[in-house]
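Please read this briefing beside the sequence and the model that follow. The points are grouped by topic.

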Amino acid sequence: MSTLAHPTVTAARQAESISASELDRFPYADRPMPPAPRWEGAEHDLARAGRKTTSSRGRGLHGQLVQQLGQMIVSGDLGADRPLVPEEIGQRFEVSRTVVRESLRVLEAKGLVSARPNVGTRVRPVSDWNLLDPDIIEWRAFGPQRDEQRRELFELRWAIEPLAARLAAGHGREDVQHRLAELTEIMAQAGSQGDLVSYARADAELHSLVLQMAGNRMLEHLSGIVAGALQVSGGAGTTCERPSETSVGLHSRLVDALGTGDGTAAEAAVRALLTVHPDVEHAVPAPREH
């Protein structure tokens, strides 16, 4: 019999399980959620490629509970090796055993918790988390690890996007190239109107398409992750989201280079985009002491 729902196990762990005060730090119905960006029009088919994730968004009570517990784990309120008793979670958040069970399975798939016979469900250390999971990226970006998350995302982009641009040059289909040009026009118009949401979404789709055009399946798989990260993270260190003539001009230069097959120019345009903001302290990632 599974120990997750065994009453004697629940009683034995009462003292060391989640306290009411800890769970109540994030009121279930009133917990502030980051606003979801809105995007007018259908998303381009290629921009949806490679987005097979364990995302919990838009799934009612199940998704809300995943978000609730996930944020508490990522923020450190539920530390590593902390036991999670399903019955207690169900009572605290007033949800069924089925909702709790499915929510813990999602968190387990993300590497946040582990469930083992005779041990139960416990929070796993950060080293076991799937840090490229879109939900975990979001939770870290809006939690106490936001600065670290932004730095790591910037370094990830610096490592992969210039190479992807070089590989993608001259390899885009005509419809893809047309979409890239269209996205730069959307960014220019959104920037002139102060529409930060549309600007950021067009920016994310453009960079996602570049990764998908590279002809490398591993880079293509990262395209959805990078696009999602751009949408939720914010900050000059991770995104080109701030509208400016310089930023739009560099995106146009990138698109032109991709169309003409100039890999060197495409790579240079991406590197310039990643250092376009004067307030970015670490324009080029430097070695760090460990």
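Residues are numbered from 1 along each chain as its sequence is written, and side-chain values use heavy atoms, with hydrogens and water left out. Helices (H or I, at least four residues) and strands (E, at least two) are DSSP runs, numbered from the N terminus, and two strands pair if DSSP finds at least two bridges between them.

*Sheet order and pairing*

- The sheet is open and has 3 strands in the order β1-β3-β2, with antiparallel pairing; its edge strands, each pairing on one side only, are β1 (83-84) and β2 (113-116).
- Between β1 and β3 (residues 120-123), which run antiparallel, there are 2 bridges: Leu84 has Thr121 of β3 as its bridge partner, and Pro83 stands opposite Arg122 in β3.
- Between β2 and β3 the pairing is also antiparallel and extends over 4 bridges, including the one in which Arg116 has Gly120 of β3 as its partner.
- The hairpin of β2 and β3 has 3 residues between the strands, and in this hairpin Asn118 takes a positive phi near 65 degrees.

*Helices*

- In total, the protein has 12 helices and 3 strands.
- Helix α3 (residues 60-75) has 16 residues that should span 22 Å at 1.5 Å a residue, and its end C-alpha atoms are 22 Å apart, which agrees; the expected span is 1.5 Å times one less than the number of residues.
- Helix α3 is mostly covered, with 12 of its 16 residues buried, where buried means under 20% relative accessible area, exposed over 50% and partly exposed in between (1.4 Å probe, protein chains only).
- Among the buried residues of α3 are His62, Leu65, Val66, Leu69, Met72 and Ile73, and the helix is followed by Gly76, whose phi is positive, near 95 degrees.
- Helix α9 (residues 196-213) has 18 residues and reaches 26 Å from its first C-alpha to its last, close to the 26 Å expected at 1.5 Å a residue.
- Helix α9 is mostly covered as well, since 16 of its 18 residues are buried, and Gly215, which follows α9, has a positive phi near 75 degrees.

*Side-chain contacts and burial*

- The charged end of Arg271 sits over the ring of Trp158, 5.0 Å from its centre; the criterion is that NZ of Lys or CZ of Arg is within 6 Å of the ring centre and within 35 degrees of the ring normal.
- Of the 290 residues of the protein, 48% count as buried.
- Among contacts (heavy atoms within 4.5 Å) between residues at least 6 apart in sequence, 76% join residues at least 24 apart.

*Confidence*

- The mean pLDDT, which is the predictor's confidence in each residue from 0 to 100, is 77 for the protein, and 70% of the residues reach 70 or more.
- Over residues 1-54 pLDDT stays under 50, and the model has 104 contacts beyond four places in sequence for them.
- Over residues 235-239 pLDDT likewise stays under 50, with 20 contacts beyond four places in sequence.
- Where pLDDT is low, the predicted coordinates should not be read in detail.

Notes:
Predicted model: local features only at pLDDT ≥ 70, side-chain atom pairs only at ≥ 80, totals over all residues.
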